[in-house]
Amino acid sequence: MSQVHALIAVKDLARAKSRLAPRFAQGDRERLVLAMLTDTVTAARSVPRVASVTVVTPDPVVADTALTAGAEVYPEPALRLPYADIERLNEALTHAAEHVRLRHGGVDLLALQADLPALQGRELAAAIGAAPRGRRSYVVDHRGTGTSALLLRDPVGQLAPRFGRESAMRHRETGAVALPGEWPGLRLDVDTADDLELAVALGVGAATSGVLDEIGWVRACAGESSC
Ligand SMILES: Nc1nc2c(ncn2[C@@H]2O[C@H](COP(=O)(O)OP(=O)(O)OP(=O)(O)O)[C@@H](O)[C@H]2O)c(=O)[nH]1
Ligand SMILES: C=C(OP(=O)(O)O)C(=O)O
């Protein structure tokens, strides 16, 4: 069974998860970003077919957290685009992919979102197992428009990430195939407080759960059976 090398991009903490600002103070939001990254890295590292996890980031605190969780770190190189541009994410991932292949040769690659606190290792293992050889494939997020993971199982192909708005469509239009599979944790990227509610209901990892307890976050719908 061939292995994949995973890449995770995280921007600087001061700008991360701005859509959580209505519910979380800046410091709490930063802790939550780090905790979700820790749970994502931990779940990815639990998968035997994941040979390495590399976090690409310009932020030293994110880098420390990644190292503590057992990931490698690729410091974000000077990028062409301004910080506000989401395409910077694709540029960062492309550089990280080149870095990993310089180190390991023509390996298979997986670009994974950093905000998957309910990710289960078995879901990721199943997605890797389902990814066809010789091409790119992707996992559509829980909203149906984004991408939670992009896979490349082709030693000479390019990852060509197209994350950002409508990324599922952009990955499809650039030849990638959507992977079917019941993987709720893998599909649940957390961008809003509503997403976090869903993730907590599904079951988040220890780091995220610990931070939510410490900051006293209470689910808006706690106790309601419809949540
Ligand atoms: N290394 C790197 N990662 C990035 C960059 N831009 C975005 N990302 C990461 O890519 C993922 C998706 O980015 P966004 O949706 O723009 O940001 P977010 O922090 O998830 O949420 P919002 O601020 O609410 O948009 C997140 O893990 C980001 O940290 C970048 O310029 N460099
Ligand atoms: C970047 C993406 O997602 P989000 O903005 O939801 O983090 C994406 O789905 O490509």
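The exercises below concern the surroundings of the two ligands.

The model is predicted, so local features need pLDDT of at least 70 and side-chain atom pairs count only at pLDDT 80 or more, while totals for chains, interfaces and linings use all residues. Residues are numbered from 1 along each chain as its sequence is written, chains are lettered from A and ligands numbered from 1 in the order in which they are written, and side-chain values use heavy atoms, with hydrogens and water left out.

**Exercise 1.** Identify the residues that surround ligand 2 and the atoms that approach its oxygen atoms.

*Solution.* 
Step 1. A residue is near a molecule if one of its heavy atoms lies within 4 Å of it. The surrounding residues are R19, Q113, G146, T147, F163, G164, S167, D189 and D191.
Step 2. Polar contacts (pairs of N or O atoms within 3.5 Å) are examined next. A backbone N or O atom of G164 lies 2.8 Å from a ligand 2 oxygen, and a polar side-chain atom of R19 lies 3.2 Å from an oxygen of this ligand.
Step 3. Of the 290 Å² of accessible area (Shrake-Rupley method, 1.4 Å probe) that ligand 2 has on its own, the protein covers 85%.

**Exercise 2.** Describe the surroundings of ligand 1.

*Solution.* 
Step 1. Ligand 1 is surrounded by 17 residues, the closest being K11, K17, S18, R19 and E76.
Step 2. A backbone N or O atom of K11 is 2.8 Å from an oxygen atom of ligand 1. For R19, a polar side-chain atom lies 2.8 Å from a ligand 1 oxygen; for R88, the distance is 3.0 Å.
Step 3. The protein covers 90% of the 610 Å² of accessible area that ligand 1 has on its own.

Definitions and conventions. A polar contact is a pair of N or O atoms within 3.5 Å; within protein, one must be able to donate a hydrogen and the other to accept it, and residues adjacent in sequence count only if both atoms are side-chain atoms.
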